[in-house]
Amino acid sequence: MALFRFFAVFAVCIVAFGTPALADDAQDINRRFRSGDLTGALEQAERHLAKNPKDAQVRFLKGLILGDQGKRDEAIRVFTSLTEDFPELPEPYNNLAVLYAAQEKYDAAKHALDMAIRVHPNYATAHENLGDLYAKLATLAYDKALALDTGNTAVQTKRARIGDVIADVGSPAPAADEAASTTGARTTGTSTTGTRPADSSDGAVAAIEAAIADWAKAWSKQDVAGYFAAYASNFSPAGLSRAQWEAQRRSRITAPRSIDVQISDLEIERQGDTARANFRQSYRSDRLSTTVSKALALTRVDGRWRIVDEISR
């Protein structure tokens with residue numbers, strides 16, 4: 001599917017509902033999609049949705065397949081339906097933005113990205129795509145200005161700079177590279193693998209690992225007090241006050257019947273009393289499952305490592 005180059009990422013985080021058997025079916029559809037068998041993948045998705053019309057993961061995959069087939073209007077309908085049924089998920093909004101941009105519907109693309117960010121203020125993909133969208137709009141405005149005033153050297157310079165930015169963005173990433181990983185974790189509790197600490201000489205890295213494990217464990221146990229205790233007092237969520245964020249998180253933690261958070265590919269970089277942890281986070285509840293790349297910034301406060309910033313990508 002040919003997209004504007006200024007969109008660097010076509011959402012790779014995907015949602016999954018239902019039983020392991022349904023997830024396995026989704027993985028098979030995704031394998032066909034990634035291998036280039038778009039017709040077979042779409043046919044299997046249609047058969048699956050005829051029996052399981054509410055399966056968000058397969059609906060998401062269907063939207064990706066239709067997009068790759070160049071059926072943008074049909075893909076837009078699929079992702080629009082997902083935003084209506086699951087308004088708390090940012091990925092369908094992001095994909096809508098990519099599709100609208102490909103149709104040069106830039107206002108609609110901006111609205112979709114604004115919605116993705118409103119739903120998930122730390123969704124880095126949407127912020128990046130919004131920046132790319134503004135860059136594209138700037139080129140259009142500068143081109144119009146130059147058409148009206150060809151000798152304006154200031155505009156020529158600005159247009160050249162923006163052109164360099166867009167050239168650096170590159171082509172969109174594959175649409176569903178990580179789709180299969182969203183259904184991979186089936187055990188309970190919290191696990192960490194692939195840890196590569198930068199410095200463990202004084203036990204700080206082990207303490208950071210333990211702090212992250214306790215954070216994920218409290219989340220899995222739906223222990224709201226323990227979850228909030230993992231955050232520093234100066235943690236400032238993007239777009240929300242601390243009170244608003246706590247109210248939102250309390251609702252999302254206590255609403256599901258069960259939650260399981262898995263951590264993998266943990267990497268820690270520490271400098272004195274500050275650290276950054278990068279990892280893959282797999283979240284599964286009776287309502288939905290997601291897998292994202294996450295980064296936590298931590299600081300040591302009274303001997304304990306606490307979260308001061310959190311970014312999902």
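**Aromatic rings and a helix pair**

In this predicted model, a cluster joined by ring pairs takes in Trp-215, Trp-219, Tyr-227, Phe-228, Tyr-231, Phe-235, Trp-245, Phe-279 and Tyr-283. One of its members, Trp-245, belongs to helix α11, which spans residues 242–254. Because its relative accessibility is 6%, and buried means under 20%, Trp-245 counts as buried. Once neighbours within four places in sequence are set aside, the residues in contact with Trp-245 are Tyr-227, Phe-228, Tyr-231, Phe-235, Pro-237 and Leu-240.

The structure as a whole holds 13 aromatic pairs. In the pair formed by Phe-60 and Phe-79, the ring centres are 5.5 Å apart and the planes stand at 75°, so the arrangement is edge-to-face, given that planes over 60 degrees apart fall in that class. Phe-60 is located in helix α3 (residues 56–68) and Phe-79 in helix α4 (residues 72–85), so this pair ties together parts that lie 19 residues apart in sequence. Phe-60 has a relative accessible area of 1% and is therefore buried, and Phe-79, at 0% relative accessibility, counts as buried too. Another aromatic pair, that of Tyr-227 and Tyr-231, is tilted, with 5.3 Å from centre to centre and 55° between the planes.

For helix α5 (residues 91–102) and helix α6 (residues 106–119), the packing angle is about 165° and the axes are 8 Å apart. This makes α5 roughly antiparallel to α6, because angles over 145 degrees are placed in that class. The crossing in which α5 passes α6 is left-handed.

Which residues of α5 and α6 meet? On the α5 side they are Tyr-93, Asn-94, Leu-96, Ala-97, Tyr-100 and Ala-101, while α6 brings Tyr-106, Ala-108, Ala-109, Ala-112, Leu-113, Met-115, Ala-116 and Val-119 to the contact. By residue class, the contact of α5 with α6 comprises 13 nonpolar residues and one polar residue, with no charged residue.

Technical notes: Residues are numbered from 1 along each chain as its sequence is written. This is a predicted model: local features need pLDDT of at least 70, side-chain atom pairs count only at pLDDT 80 or more; totals for chains, interfaces and linings use all residues. Side-chain values use heavy atoms; hydrogens and water are left out. Helices (H or I, at least four residues) and strands (E, at least two) are DSSP runs, numbered from the N terminus. Buried means under 20% relative accessible area, exposed over 50%, partly exposed in between (1.4 Å probe, protein chains only). Contact means heavy atoms within 4.5 Å. Rings of Phe, Tyr and Trp (its six-membered ring) pair if their centres lie within 6.5 Å; planes under 30 degrees apart count as stacked, over 60 as edge-to-face and the rest as tilted. Axes are lines fitted to C-alpha atoms, for helices over the stretch in contact, and angles run from 0 to 180 degrees between N-to-C directions. Angles under 35 degrees count as roughly parallel, over 145 as roughly antiparallel, 65 to 115 as roughly perpendicular and the rest as oblique. A crossing is left-handed if the near helix is turned anticlockwise from the far one by less than a right angle, and right-handed if clockwise. Ala, Val, Leu, Ile, Met, Phe, Trp, Tyr, Cys and Pro count as nonpolar, Asp, Glu, Lys and Arg as charged, and the others, Gly among them, as polar.
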